[in-house]
Amino acid sequence: MLPNTASGQLYQRAVNVLVEGVSSASRGPANYAPYPPYMRRGAGSRLFDVDGNEYIDWMMSFGALPLGHAHPRIVEAVQREVVHGTHFATALEVEVEVAEMLVGLLPHADKIRFANTGTEACMAAFRLARGLTGRSKIVKFEGHYHGWYDAVLLNTNPQLPTTLGHPNDPIRIPDSSGLTLGSWADTIVVPWNDEAALTRVMAAHGRDVACVVTEGIMTNMGVIPAKEGYLKFIQAICKSHGALFYLDETVTGFRVGAGGCAELYGLKPDIVTYGKALGQGFPIAAICGPDWVMDGLEWGKVLHYGSHNAPRLGLYATKTMLEIMMEGGAVGFQQLQACGRKMANALREVINAQKRHPAIVQNVGSVFQIYFTDRDAITDYRDFCSHVDRNKFRLFANALLQSGIYMSPANTLHSLSSLAHSDADIQATAEAVARTLETL
Ligand SMILES: Cc1ncc(COP(=O)(O)O)c(C=O)c1O
């Protein structure tokens, strides 16, 4: 029996007409027990559900809202522009303006191609890498998610593996049924943060590798930073084997700084994809790189289409978001990091003060995650699968949600700060976490 709440009633209606009552598996009962809260509106750092419950939101729409909900300048820009139409099937002034802003901000980008979602941008990037190099293989890392494209939907679901195989020869584990063997026959999976493993793979297959794709921070198993120098090592080994160094910044772009991980770690990637934060809540993604790479997407070479690419209203939101974040010399991006760091430190204090549940907090600037573990650090997917109590986290996050704090509901995800979060939000969250840990 579901409780007699407006969300419960909506869920009962929803399961009749929507698969699992939702539109993405990560929003369903796998992550929210016994059903998800149905949200009605957002304002700043807050969300309000259909029952009138208020939440401090640290999910920020999977990281898509660096300014928080319904920022007045975003609302003004979208309201101003919507009366002039939504979609023209032709080129737009705002498209040029945003592309110019991005090229100005990102040293590794001579040209931009807009898409809608991270998955689409990643798909185009893989095709581009293969088209440019004439090679078929992709190297990806255990635990790194690059959207739900068949070729890379491997080794990202910690529920599935009973064994991952020897690190020298990982077992490839598809995350979904419905994938043909052929779709991932050319995908090589390697443990991350392990220089020897990548060296061995590139020695054996390097001449056939179109690209090595990596997140700058492993953000799809919580928050796992790269070991010092590791990303530069990937960059160098790609260069020495003529493979493209592909940095997927779908989560980290416009999130860990204006220039994402490329700036943070001093990288010069050949292909970069963005999504999430770039659109400030609208579906905007981008592929970018130097001219010699991006010109591969010209007509007649590598195909990239999309009826909804570069959506007009979304681009006005992107333009406004970038203007706000860059005011006073990128002060917005600095504030975003400072807020995330403060939240992560406050969580560390609470966790260290209680003795019942051994846990650690990992963060890079504005992106953070709690792990229930007796380890000092979680450094790769294998650690995450074997040494993190994900079930305890699920119970914790759901209990926290009941007390009005919306953090990532699953350990594989991560929580994030926005410019809308205040010190009072951090304090209220820390207090609620302390109470929740007492009763867990
Ligand atoms: C690193 C990374 N790449 C790609 C994607 C896919 O993005 P989207 O969900 O917008 O398709 C995600 C989504 O979580 C991601 O984290």
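How are α12 and α13 oriented to each other? I started my notebook with this helix pair, and they are oblique to each other, a class that takes the angles left over once those under 35 degrees count as roughly parallel, those over 145 as roughly antiparallel and those from 65 to 115 as roughly perpendicular.

Ground rules first. I am working on a predicted model, where local features need pLDDT of at least 70, side-chain atom pairs count only at pLDDT 80 or more, and totals for chains, interfaces and linings use all residues. Residues are numbered from 1 along each chain as its sequence is written, and side-chain values use heavy atoms, with hydrogens and water left out.

**Entry: helix packing**

For α12 and α13 I noted an angle of about 125° and axes 10 Å apart. Axes here are lines fitted to C-alpha atoms over the stretch in contact, with angles from 0 to 180 degrees between N-to-C directions. Helices are DSSP runs of H or I with at least four residues, numbered from the N terminus. The α12/α13 crossing is right-handed, the term for a near helix turned clockwise from the far one by less than a right angle.

Next I looked at helix α10 (residues 312-353) against helix α13 (residues 423-439): their axes come within 9 Å and cross at roughly 25°. That makes α10 roughly parallel to α13. α10 passes α13 in a right-handed crossing.

I then turned to helix α3 (residues 72-82), whose axis comes within 9 Å of that of α10 and crosses at roughly 150°. The two are therefore roughly antiparallel, and their crossing is right-handed.

**Entry: the cavity**

I found one cavity of 30 Å³ or more; a cavity is a set of points on a 1 Å grid over the protein atoms alone where a 1.4 Å probe fits but cannot get out, and lining residues have an atom within 4 Å of a point. The largest cavity holds about 30 Å³. Its lining includes Asn31, Tyr32, Ala397 and Tyr406. Helix α12 (residues 390-402) gives the most to that lining, with three residues.

**Entry: the second largest pocket**

I put this pocket at about 490 Å³; a pocket is an open set of grid points with protein on both sides within 12 Å along at least five of seven lines. I counted 17 lining residues, with Arg27, Tyr32, Pro37, Met39 and Tyr406 nearest the centre. Domain 1 (1-36) and domain 2 (37-70 + 328-439) each supply at least three residues to the lining; the bounds come from an automatic or database domain assignment.

Terms used: Points joined across faces, edges and corners; volume = space filled by probe spheres on them.
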